[in-house]
Amino acid sequence: MLHILLLLLPLLLSISNASVNDFCVADLNGPDGPSGYPCKPPTKVTTHDFVYAGLAASGNTTNIINAAVTPAFVAQFPGLNGLGLSAARLDIASGGVIPLHTHPGASELLIVTQGRVTAGFITSDNSVYVKTLSKGELFILPQGLLHFQLGYGKRKAVAYAVFSSSSPGLQILDFALFASNFSSSLITQTTFLDPEQVKKLKSVLGGSG
Ligand SMILES: *[C@@H]1O[C@H](CO)[C@@H](O)[C@H](O)[C@H]1NC(C)=O
Ligand SMILES: *[C@@H]1O[C@H](CO)[C@@H](O)[C@H](O)[C@H]1NC(C)=O
């Protein structure tokens, strides 16, 4: 009998240790690798790690795009680490736009909760899918594709986005071109845009080179 217990003991211990894998709250001081951040020690984890209140308040839309994206990615919400999802809040004032952008690491499920939002994406074979959404309607923006959201009508709009990664990434096309150190001559050569237009957008968005 004792023999059997001794044999079973390591197995029982390994089963109880398995609960460690239920979650891996990010230790944001550690390196962010392809599989996420290292885990915070489970003894230090509290309910607070699984709650994020940062999307409760409106984002500040007093800016050049009259819109705000407030992320709840793993860097803001460490409890998401390794779980393959995250969220964001979009506030779009009258005339606001979230310019063409991609999330290299995730598909996006857009959920409109206030006002109306025109959303669309462009496929790799250059087909465009666009729809104006009302409160309660959902739109799926497939991973990696260029897409946009803009307010429809005069009313303020609010939408939430759910992403299929805890680190979806965000690259805004106009910022990549005109807020970076991509040289004006290379931009002109690689986009066929007019040099004057390139200069103008660079001065508005703060690009150099
Ligand atoms: C919103 O941002 C603008 C421009 O940066 C700033 O002047 C204003 O104080 C901000 N408003 C709030 C409520 O933080
Ligand atoms: C742009 O800036 C980065 C650093 O921010 C630098 O590593 C890179 O070489 C620069 N590129 C050009 C083309 O100047």
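This is a predicted model: local features need pLDDT of at least 70, side-chain atom pairs count only at pLDDT 80 or more; totals for chains, interfaces and linings use all residues.
Helices and strands are here runs assigned by DSSP, a helix having at least four residues and a strand at least two, and both kinds are numbered from the N terminus. By that naming, Asn 66 lies in the loop between H1 and S1. The UniProt record, in an unreviewed entry, places the feature "domain: Cupin type-1" at residues 53-199.

**The open sheet**

- An open sheet is formed by 5 strands, with antiparallel pairing, in the order S6-S5-S8-S3-S10.
- Its edge strands are S6 (128-133) and S10 (171-172), each of which pairs on one side only.
- At one end of the order, S3 (residues 97-102) pairs with S10 in the antiparallel sense over 2 bridges. In this pairing, His 101 stands opposite Ile 172 of S10.
- Strand S5 pairs with S6 in the antiparallel sense over 6 bridges, and Gly 120 stands opposite Val 130 in S6.
- S5 and S6 also form a hairpin, with 5 residues between the two strands. Asn 126, in the turn, has a positive phi of about 65°.
- S5 is joined by 6 bridges to the antiparallel strand S8 (residues 146-151). Here Val 117 stands opposite Gly 151 in S8.
- Strand S5 is mostly covered, since 5 of its 6 residues are buried, a term that stands for a relative accessible area under 20%.

**The nonpolar core**

- In soluble globular proteins, nonpolar side chains tend to be buried together.
- The largest nonpolar core of this model has 21 residues. Those that touch the most other members are Leu 90, Ile 92, Leu 110, Val 117, Leu 133, Phe 139 and Phe 163.
- Two or more residues of this core come from each of the strands S2 (86-92), S4 (108-114), S5 (117-122), S7 (138-141) and S9 (157-163). Strand S9 gives the most to the core, with 4 residues.
- Phe 139 has contacts beyond its sequence neighbours: leaving out residues up to four places away in sequence, Phe 139 touches residues including Leu 109, Leu 110, Ala 119, Phe 121, Tyr 129 and Leu 133. Glu 108, Gly 120 and Lys 131 are also among the residues that Phe 139 touches on this count.

**Ser 86, a residue of strand S2**

- Ser 86 has its place in strand S2.
- Is Ser 86 buried or exposed? Its relative accessible area is 4%, which is under the 20% limit, and therefore Ser 86 counts as buried.
- A polar atom of the Ser 86 side chain lies 2.7 Å from the backbone oxygen of Ser 165.
- Among the residues that Ser 86 touches, not counting those up to four places away in sequence, are Ala 72, Phe 73, Leu 80, Phe 163, Ser 165 and Pro 168.

**The disulfide**

- A disulfide is a covalent bond between the sulfur atoms of two cysteines.
- The model has a count of 1 disulfide, and this link joins Cys 24 to Cys 39, with 2.1 Å from S to S.
- The two cysteines are 15 residues apart, and both are in the loop between helix H1 (2-17) and strand S1 (67-72).
- The link of Cys 24 and Cys 39 is left-handed, with -110° about the S-S bond.
- Cys 24 is buried, at a relative accessible area of 16%, whereas Cys 39 is partly exposed, at 46%.

**Helix H4 and its surroundings**

- At the start of helix H4 (residues 195-205), a side-chain oxygen of Asp 194 reaches to within 3.0 Å of the backbone nitrogen of Glu 196.
- Lys 199 is in helix H4. Its relative accessibility is 52%, which is over 50%, so Lys 199 counts as exposed.
- Lys 199 and Ser 185 are 14 residues apart in sequence, and their C-alpha atoms are 10.0 Å apart in space.
- Gly 206 follows H4 and has a positive phi, near 90°.

**Positive phi in residues other than glycine**

- Asn 66 has a positive phi, near 50°, although Asn 66 is a residue other than glycine. With a relative accessible area of 30%, Asn 66 is partly exposed.
- Phe 192, which is not a glycine, has a positive phi of about 65°. Phe 192 is found in the loop between helix H3 (184-191) and H4, and Phe 192 is exposed, with a relative accessible area of 77%.

Note on methods:
Residues are numbered from 1 along each chain as its sequence is written. Chains are lettered from A and ligands numbered from 1 in the order in which they are written. Side-chain values use heavy atoms; hydrogens and water are left out. Two strands pair if DSSP finds at least two bridges between them. UniProt positions are given in the numbering used here, feature names are shortened, and annotations may be inferred rather than shown by experiment. A nonpolar core is a set of buried Ala, Val, Leu, Ile, Met, Phe, Trp, Tyr and Cys residues joined through side-chain atoms within 4.5 Å. Buried means under 20% relative accessible area, exposed over 50%, partly exposed in between (1.4 Å probe, protein chains only). Contact means heavy atoms within 4.5 Å. A polar contact is a pair of N or O atoms within 3.5 Å; within protein, one must be able to donate a hydrogen and the other to accept it, and residues adjacent in sequence count only if both atoms are side-chain atoms. A disulfide is a pair of cysteine sulfur atoms within 2.5 Å.
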